[in-house]
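Open the model in your viewer and keep the sequence panel beside it. Each stop below says what to select and what is found there.

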Amino acid sequence: MPEPTCCAEVRWRLARYGIGPERIDRVVSELSEHWEDLRVAAIENGLGPSAAAAEANTRLGDPAWLADESIRGFRQSSRLGRHPVLALCVLPFLLSPLLMSVVVMPLWWLDSFIHFTHWGSTDDRRNARLIVAGMWVAHYAAMVFAPAFLGSVVWRAGLGIRWVCAMCAWCAFAALARVFEADAIDRKISMAFSFPWRLNAHTAAILFLHGLILAFFWAASRKATKKTIHPLGADLLHEYEK
Amino acid sequence: MAHGNPSFLNGVPELLVLELLSRREMYGYELVREIQKESKEAFRFGEGCIYPYLHYLEAGKFITSRRATTDGRSRLYYQLTAKGRKRRAELTKEWNRVAQSVALILGGAHA
């Protein structure tokens, strides 16, 4: 069944909010079926084809309003969508340390279990350096995973690119505020929050990685914008971009 | 206060949908027709707005859907789940409480 213009406009608007293609297809197919039922009913009531289509458009509702209602529905159906501010404030601070605990702590415990005594030989010291390097890799992996994961969750909840940007920025803030230290020789691992931050290689790496993730989401959003063409041309795209 | 005090009309569309689906499975267009028929056209709304409610209820596992072909047309039918029946009972109770309270006040005004 060909998609009516009003439904194609709903598709166009939903795509701009970052709603996934499966969800969009579901909404638009149901609206198209409903529109067709309305059109057939109008024809049975004696209207001509174009008047019946106009009647179906009116009864189905304004596409912008329908898209807004659908987005509101998507948001209401997830916890993150219902409480975005709370999620934004809490999750970036919790997720990275939680991941670190899950990945690093068992390794640390295993290492302590194997080496009962203090590090003595040169080999032991080399191993200790390797363990510390592993800890830092895990720390950076958790730091990158947090904004990528939370950003995609926010994106899928239909909160839009602005909320994704806010989530990435807040994750960067949380990463800057966190101080991680690992010393395998003294068997110490610590994670704390500190302020103000010094501009060093670590700070620059945090900003660069978060910027990269943000750029990825931005590019994905632009791609979705260009992929779905508005049925009436580019006018509405300009209206949206204003 | 014994109960919370949500907006009076909160949950009304949800209650209407759950009530109609408790009778038999229906698709979106059919649901809208039933609401209009049974309310004697009292509710006039953009008919497409029924779908966000249906999707919200489905996400909450109050209803489920299945695609079926009737008269050569493919339709998405919605059915009530056990959780949906429970939710319908709660909403009906809440609605009766609100309606009785409003009736008491209006009755008082006319006394």
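Begin with what lies over the buried residues of α2(A). In this predicted model, the cover includes α1 (5–16), α3 (49–60) and α4 (63–76) of chain A. Chain B takes part as well, through α2 (28–38), α3 (50–59) and β2 (73–80).

**Helix α2 of chain A**

Select residues 21–44 of chain A, which are helix α2. Now colour the buried positions, among them A:Ile24, A:Val27, A:Val28, A:Leu31, A:Trp35 and A:Leu38. The buried set also includes A:Glu30, A:His34, A:Asp37 and A:Arg39. Just past the helix, select A:Gly46, where phi is positive at about 100°.

Next, show A:Val10, A:Leu31 and A:Cys171 together. These three have the most contacts inside the largest nonpolar core, a set of 70 residues. Helix α8 of chain A (residues 161–177) gives the most to this core, with ten residues. Colour domain 1 (5–77) and domain 2 (79–221) of chain A separately: both give residues to the core, so the core lies between them.

**Where the chains touch**

Show both chains and pick out the contact residues: 18 in chain A meet 14 in chain B. On the chain A side, α2, α3 and α4 each supply at least two residues. By type, the chain A side divides into five nonpolar, six polar and seven charged residues.

**Chain A as a whole**

Zoom out to chain A, which has ten helices and two strands. Along the sequence, the pattern is α-α-α-α-α-α-α-α-β-β-α-α. Of its 242 residues, 33% are buried. Among chain A contacts with a separation of 6 or more, 71% join residues 24 or more positions apart.

**Chain B and its hairpin**

Switch to chain B, with four helices and two strands in the order α-α-α-β-β-α. Buried residues account for 23% of the 111 in this chain. For chain B contacts with a separation of 6 or more, the share between residues 24 or more positions apart is 51%.

Select β1(B), residues 63–70, together with β2(B): the two strands run antiparallel and are joined by eight bridges. To check one pairing, pick B:Ser65 and find its bridge partner, B:Tyr78, in β2(B). The strands form a hairpin with two residues between them.

Most residues other than glycine have a negative phi. Two exceptions make the last stops.

Go to B:Lys61, in the loop between α3 and β1 of chain B. Its phi is near 65°. Is B:Lys61 buried or exposed? B:Lys61 is exposed, with 12 other C-beta atoms within 10 Å.

Finish at B:Asp71, in the loop between β1 and β2 of chain B. Here phi is positive, at about 50°, although the residue is not a glycine. B:Asp71 has 5 C-beta neighbours inside 10 Å and therefore counts as exposed.

Methods:
Residues numbered from 1 in each chain as written. Chains lettered and ligands numbered in written order. Predicted model: local features only at pLDDT ≥ 70, side-chain atom pairs only at ≥ 80, totals over all residues. Expected span 1.5 Å × (residues − 1). Buried ≥ 20, exposed ≤ 12 C-beta atoms within 10 Å, placed from the backbone. Contact = placed C-beta atoms within 7 Å. Core = buried A, V, L, I, M, F, W, Y, C linked by C-beta atoms within 7 Å. Domains from an automatic or database assignment. Nonpolar A, V, L, I, M, F, W, Y, C, P; charged D, E, K, R; others polar. Pairing = 2+ DSSP bridges.
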